Amino acid sequence: MSARSRELFGLLPVTLLVTAGFTAVLITRSAQTGTVTITYGAIFLGCCLFAHIFIRIRLPDADPYMFPLAALLAAFGLVMIYRIDPSFALKQAGWFVFGLLLFCATIVFLRDYRVLERYRYTIAAVSLGLLLLPRVPGIGVNSNGAYLAIHFGSLQFQPAEFSKIGIVIFLASYLRETRDVLVRGRLPRISLKHFGPLLLIWGMAMIMLVLIRDLGSSLMFFGAFLAMLYVATSRISFVVAGLGLFAGGAVFFANHVQHVHDRVTIWLHPFRPDLVNDRAYQIAQGLFAQADGGLFGQGLGQSLLTVTGSNGQPVTILPAAKTDLIYAVITNELGLFGAAGVILAYMLLVERGFKTALISHDGFSKLLAAGLSAVVALQVFVIVGGVTRVIPLTGVTLPFISYGGSSIVANLVVLALLLILSDASRKAPAERGGVV
């Protein structure tokens with residue numbers, strides 16, 4: 001069976017998941033299912049078939065499993081968001097369609113990924129500018145003490161979702177060029193010219209901690225850079241030095257910057273009496289929801305998100321259920337086994353991305369594939385780790401699942417870049433016998 005045929009058959013279970021998921025939610029609400037769930041499944045399948053045909057024509061040798069895995073996560077996200085609030089699910093579906101159009105546009109206009117190297121400094125400058133946009137008065141949006149989004153009228157998006165792509169492109173190009181110097185030189189003898197990017201990215205991560213107050217994105221960016229640095233040089237000393245810099249900076253700002261100190265305090269003491277009903281309410285309720293799910297969960301649609309208060313008004317039990325705490329909803333309704341299944345899907349997607357890096361023929365594509373895969377993996381770690389209290393909770397979205405237009409659009413662009421790299425890397429091996 002050809003790679004594209006495997007991709008097509010991989011989309012069929014995704015359609016069944018959409019249909020079954022919407023049916024379960026509607027049954028839970030005692031609604032009339034009729035043909036509406038079949039219609040939802042058919043529309044989703046139609047969108048995925050459109051993208052599949054596009055991939056078949058433009059990228060015939062691309063990895064056959066990446067797109068079905070991403071579609072699976074997106075389908076699951078639509079079901080969960082519909083269960084939380086149908087109106088937001090409709091908006092998310094619209095963003096998914098727009099993201100697929102941008103996905104196809106990326107494949108059409110980026111015929112040769114190597115052209116990205118020519119504009120690496122321009123891409124880096126634009127990406128850094130995007131990161132700072134939320135601090136611009138008039139358009140920046142403050143959410144729970146962090147400046148993550150900008151708004152134009154009723155439209156909001158998070159620039160960090162797009163800047164991560166540009167920064168990874170710049171780092172892949174720069175590390176490919178300086179790899180030999182970094183590999184051969186001794187750490188004390190490497191000049192600032194070559195070691196400077198590590199300090200620059202570290203400084204940028206610290207600026208994100210202070211200016212936009214986004215601990216999750218700073219960890220994600222810096223972690224991805226260390227992963228790419230290790231792929232480029234195979235020198236663990238750079239990784240250790242980078243981790244030391246980040247840890248030192250994080251400790252300093254945790255003790256001297258109030259909002260960082262507050263996040264760490266909430267993380268360490270979520271059940272403290274003076275915090276649990278105020279600033280730590282979100283993380284505490286998320287932990288309660290996950291514990292209540294047990295191994296098998298309460299059932300789809302059974303999670304308690306709001307209750308009616310004594311004044312007749314709804315009281316939120318699980319804040320930000322469709323964004324920050326959607327993993328807690330998943331664990332509550334599907335249990336530990338269901339949550340583990342979601343993590344497994346992410347692991348498979350990331351594994352296919354790293355496999356693309358392994359079989360790539362040139363340094364730039366190898367580093368770019370590794371960097372993009374590391375960003376996805378770290379984004380999952382940051383939000384799941386925050387909800388499970390492994391690290392402080394931040395506003396990073398769960399890729400493809402959490403509600404958010406900028407998130408799903410940016411991640412579909414990441415997927416398009418990985419498929420472009422995969423198609424280029426698999427052409428020569430396919431002529432020698434093929435890869436899976």
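This is a predicted model: local features need pLDDT of at least 70, side-chain atom pairs count only at pLDDT 80 or more; totals for chains, interfaces and linings use all residues.
**Notebook: a surface leucine, a pocket and a buried Phe**

I started with Leu-295, which comes out as partly exposed because its relative accessible area is 43%, between the 20% limit for buried and the 50% limit for exposed.

Next I looked up where Leu-295 sits. I found Leu-295 in the loop between helix H13 (281-293) and strand S4 (306-308). Then I checked what surrounds this residue on the surface. Leu-295 belongs to a nonpolar patch there, together with Phe-296, Leu-336 and Phe-337. I jotted down about 450 Å² of accessible area for the four residues together.

On to the second largest pocket. I noted about 300 Å³ of space in this pocket. Its lining is made up of 14 residues, and Phe-22, Tyr-40, Leu-78, Ala-89 and Ala-93 are the ones nearest the centre. I also wrote down which elements give two or more residues to the lining: helix H1 (3-28), helix H2 (36-58), helix H3 (66-84) and H4. Which of them gives the most? That's H4, with 6 residues.

Is Phe-96 buried or exposed? I put it down as buried, because its relative accessibility is 4% and buried means under 20%.

Last, I looked at what is around Phe-96. Skipping its neighbours within four places in sequence, I got contacts with Phe-44, Cys-47, Ala-74, Ile-408 and Leu-412. Leu-78 and Phe-96 are 18 residues apart in sequence, and their C-alpha atoms are 9.4 Å apart in space.

Definitions and conventions. Residues are numbered from 1 along each chain as its sequence is written. Side-chain values use heavy atoms; hydrogens and water are left out. Buried means under 20% relative accessible area, exposed over 50%, partly exposed in between (1.4 Å probe, protein chains only). Contact means heavy atoms within 4.5 Å. Patches are made of residues with over 30% relative accessible area and no salt bridge: like charges are joined within 9 Å, nonpolar side chains (Val, Leu, Ile, Met, Phe, Trp, Tyr) within 5 Å. Accessible areas come from the Shrake-Rupley method with a 1.4 Å probe; for residues, only the protein chains shown count as cover. A salt bridge is a side-chain nitrogen of Lys or Arg within 4 Å of a carboxyl oxygen of Asp or Glu. Helices (H or I, at least four residues) and strands (E, at least two) are DSSP runs, numbered from the N terminus. On a 1 Å grid over the protein atoms alone, a cavity is a set of points where a 1.4 Å probe fits but cannot get out, and a pocket is an open set with protein on both sides within 12 Å along at least five of seven lines; lining residues have an atom within 4 Å of a point. Grid points are joined across faces, edges and corners, and a volume is the space filled by probe spheres set on the points.
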